[in-house]
Amino acid sequence: MTNDVTISNSVRYIGVDDNDSDLFEGQYIIPNGISYNSYVIIDDKIAVFDTADACKQTEWQANLDAALNGRTPDYLIISHMEPDHSAVIKTMLDKYPSLTGICSDKAVALVKRFFGDELTSRLQVVNEGETLSLGAHTLQFFMAPMVHWPEVMVTYEQSEKILFSADAFGKFGALSADEDWACEARRYYFNICGKYGAQVQALLKKAAALDIATICPLHGPILKENLDFHIGLYDTWSSYKPENQGIFIAYCSLHGNTAAAANKLAELLRSSSDVKVSTTDLSRDDMAEAIEDAFRYDRLVLAAPTYDGGVMPVMDDFISHLKAKNYQNRKVAFIENGSWAPVAGRKMREAMQSLKDITIVEPMVTVESTVKADTIKQLEALANALI
């Protein structure tokens with residue numbers, strides 16, 4: 001077994017760590033890996049919860065075989081059809097002819113798309129609130145569409161009060177990684193689920209009606225303690241409220257001058273107040289972490305030079321990510337740079353004003369090629385406005 005994870009005598013962890021992949025979903029860096037979580041309930045009937053990514057199929061199957069100890073599973077609970085959890089579905093159904101896949105109605109079409117029509121006769125569709133008895137354990141199913149695919153469902157085990165939460169409450173990082181939960185859970189949430197705050201809120205309302213003792217997500221550690229903390233963060237994140245009071249300065253720079261202005265603003269803010277200030281160089285730092293910090297704090301400063309009559313591409317990309325994840329309910333200020341026709345500030349302002357509940361903080365600072373005495377005066381005025 002890859003990880004010594006104890007849930008209960010009847011509920012076993014059979015997931016695997018992936019410390020080999022460098023990217024998750026082909027775009028998010030995972031320096032500490034990722035876990036593909038899977039579970040099995042051993043009862044009169046046996047239910048397996050999801051499978052794993054194809055790259056870890058052999059290891060996952062060995063974990064399942066050890067947990068089964070010669071028995072045959074009766075049900076495969078299909079929470080989510082993304083390939084990092086569903087890659088082994090066909091193998092499982094082929095290996096166990098009596099196995100029934102349990103899934104939402106919307107999952108059936110995705111099973112067809114990934115594996116063809118022949119598997120659909122092996123699927124049993126369940127509806128909202130429907131139950132399935134395994135013996136001493138009873139499963140209850142709740143639909144969670146767009147958290148973060150349309151077919152997602154979560155499962156509540158009534159006797160042990162376990163919520164199998166699909167991708168909700170997941171995080172980057174293998175289970176073997178010794179790291180803070182909130183940091184990588186936050187980066188995971190805003191980049192994977194951030195667009196779907198309303199749908200996450202709907203799932204939280206369903207969860208609030210359940211007596212939950214344990215949360216078993218599809219990525220990251222099993223949660224048994226401080227559940228109010230974890231659920232509270234999800235409530236904050238999905239309602240687009242700032243988690244912390246602070247100022248996040250995201251900048252890019254062609255020749256170092258815009259960076260100098262951004263860092264000077266950070267220096268002025270830190271010297272004049274105890275406000276938390278965080279900065280990132282969009283050209284060098286992790287974009288996903290920049291998105292995380294933009295949502296974490298209540299104030300944002302965008303600093304970019306004019307480029308080809310617009311905004312430097314990496315800043316354009318950052319703003320595009322913010323739009324895609326429904327960035328809202330924040331104060332935003334701007335620093336632009338230009339040597340002959342600065343327009344970056346106007347372009348950034350127009351983009352951010354198109355978002356919901358964005359308050360623009362004045363003045364907009366214009367750097368004319370390099371930081372000069374007049375630039376510093378503008379930065380001082382902006383620092384005072386931000387505080």
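The largest nonpolar core here has 97 residues. By nonpolar core I mean buried Ala, Val, Leu, Ile, Met, Phe, Trp, Tyr and Cys residues joined through side-chain atoms within 4.5 Å. Buried is under 20% relative accessible area, exposed is over 50%, and partly exposed is in between, with a 1.4 Å probe and protein chains only. Leu302, Met315, Phe318, Tyr327 and Met352 have the most contacts inside this core. Helix 5, residues 181-193, gives the largest share, eight residues. Helices are DSSP runs of H or I, at least four residues, and strands are runs of E, at least two, numbered from the N terminus.

A word on the source. This is a predicted model, where local features need pLDDT of at least 70 and side-chain atom pairs count only at pLDDT 80 or more, while totals for chains, interfaces and linings use all residues. Residues are numbered from 1 along each chain as its sequence is written, and side-chain values use heavy atoms, with hydrogens and water left out.

Take Met315. What is Met315 in contact with, leaving aside its neighbours within four places in sequence? Contact means heavy atoms within 4.5 Å. The list is Ala250, Tyr251, Cys252, Leu282, Leu302, Ala303, Ala304 and Met348. Ala303 also turns up in a second, separate core of 23 residues, which includes Ile247, Ala259 and Leu386 too.

Now Asp167. Asp167 sits in the loop between strand 14 (162-164) and helix 5. Asp167 is buried, yet has no salt bridge. That term needs a side-chain nitrogen of Lys or Arg within 4 Å of a carboxyl oxygen of Asp or Glu. Lys325 is the nearest side chain of opposite charge, and it is 12 Å away. Lys and Arg count as positive, Asp and Glu as negative; His and the chain ends are not counted.

Which side chains make polar contacts with Asp167? His80, at 3.3 Å, and His85, at 3.2 Å. A polar contact is a pair of N or O atoms within 3.5 Å; within protein, one must be able to donate a hydrogen and the other to accept it, and residues adjacent in sequence count only if both atoms are side-chain atoms. Other contacts of Asp167 include His148, Tyr188 and His219.

His148 brings us to the backbone. A cis peptide bond joins Val147 and His148, with omega about 5°. His148 lies in the loop between strand 12 (138-143) and strand 13 (153-157). The bond from Glu362 to Pro363 is cis as well, omega near 5°.

Last, Lys161. Its phi is positive, about 60°, although Lys161 is not a glycine. Lys161 is partly exposed, at 32% relative accessible area.
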